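These are my notes from one sitting with the model.

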Amino acid sequence: MAECHAEFADDEETRKDLWDLFASTPEPLGFDPKILGGEDHRDPKITVLRLTPWRLSTGGEAWRAA
C-alpha cells in the first residue's frame with residue numbers, strides 16, 4: 001500500500017518525459033500511450049499526476065518519509 005501526496009504535473013517537459021518513458025519501455029511495463037485516448041503528450045485528454053509517497057507498507061513492514 002502506498003499513501004501519497006498527489007499533485008497535477010501538467011508542464012510540457014514532465015508530460016513529454018512520461019509519454020516517452022511509456023513508449024520506449026518494453027512490455028509489460030511499457031505500452032503505446034495512445035491507448036489512453038490522446039494523440040500525443042500535449043493532448044488535454046491526458047492527465048498526469050505526480051505521486052510522492054509518505055508511507056509505503058507491504059503488510060508487515062512500513063517505510064515513512066522523514
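This is a predicted model: local features need pLDDT of at least 70, side-chain atom pairs count only at pLDDT 80 or more; totals for chains, interfaces and linings use all residues.

I call a residue buried under 20% relative accessible area, exposed over 50%, and partly exposed in between, with a 1.4 Å probe and protein chains only. Residues are numbered from 1 along each chain as its sequence is written, and side-chain values use heavy atoms, with hydrogens and water left out.

Entry: arginine 55.
I looked up arginine 55 and found it in strand S2. Helices (H or I, at least four residues) and strands (E, at least two) are DSSP runs, numbered from the N terminus. Setting aside neighbours within four places in sequence, I list Met1, Ala2, Glu3, Ala62, Trp63 and Arg64 as in contact with arginine 55. I also took the separation of the C-alpha atoms of arginine 55 and aspartate 20, which is 28 Å for two residues 35 apart along the chain.

Entry: helix H1.
Helix H1 runs over residues 12-24, which makes 13 residues. The expected span of a helix is 1.5 Å times one less than its number of residues. For H1 that gives 18 Å, and the end C-alpha atoms are 18 Å apart, so the two agree. Which residues of H1 are buried? I noted Thr14, Arg15 and Trp19. Seen down the axis, the buried residues of H1 fall within an arc of 130°, and therefore line one face of the helix. The arc is taken over the directions from the helix axis to the C-beta atoms. On the face of H1 turned away from the buried side I found Glu13 and Ser24, both exposed. Strand S2, residues 49-57, is included in what covers the buried residues of H1.

Entry: salt bridges.
I count a salt bridge when a side-chain nitrogen of Lys or Arg is within 4 Å of a carboxyl oxygen of Asp or Glu. The count comes to five. One of them joins the side chains of arginine 15 and aspartate 10, at 2.6 Å from N to O. Arginine 15 is buried at 8% relative accessible area, whereas aspartate 10 is exposed at 56%.
Another salt bridge pairs aspartate 20 with lysine 16, the closest N and O atoms being 2.7 Å apart. Both of these residues lie in helix H1, four residues apart, about one turn of the helix.
Arginine 42 is exposed, with a relative accessible area of 53%, and aspartate 40 is partly exposed at 31%. Salt bridges with shared partners join Glu12, Asp40 and Arg42 into one network.

Entry: surface patch.
Patches are made of residues with over 30% relative accessible area and no salt bridge, with like charges joined within 9 Å and nonpolar side chains (Val, Leu, Ile, Met, Phe, Trp, Tyr) within 5 Å. Accessible areas come from the Shrake-Rupley method with a 1.4 Å probe, and for residues only the protein chains shown count as cover. I found a nonpolar surface patch of Phe8, Leu49 and Leu51, with about 360 Å² of accessible area together. Leucine 49 lies in strand S2 and is partly exposed at 49% relative accessibility.

Entry: the loop between H1 and S2.
I placed proline 26 in this loop, and it is exposed, with a relative accessible area of 61%. The C-alpha atoms of proline 26 and glutamate 12 are separated by 24 Å, the residues being 14 apart along the chain. Proline 28 is found in the loop between H1 and S2 as well. The peptide bond from glutamate 27 to proline 28 is cis, with omega near 15°. Most peptide bonds are trans.

Key:
Contact means heavy atoms within 4.5 Å.
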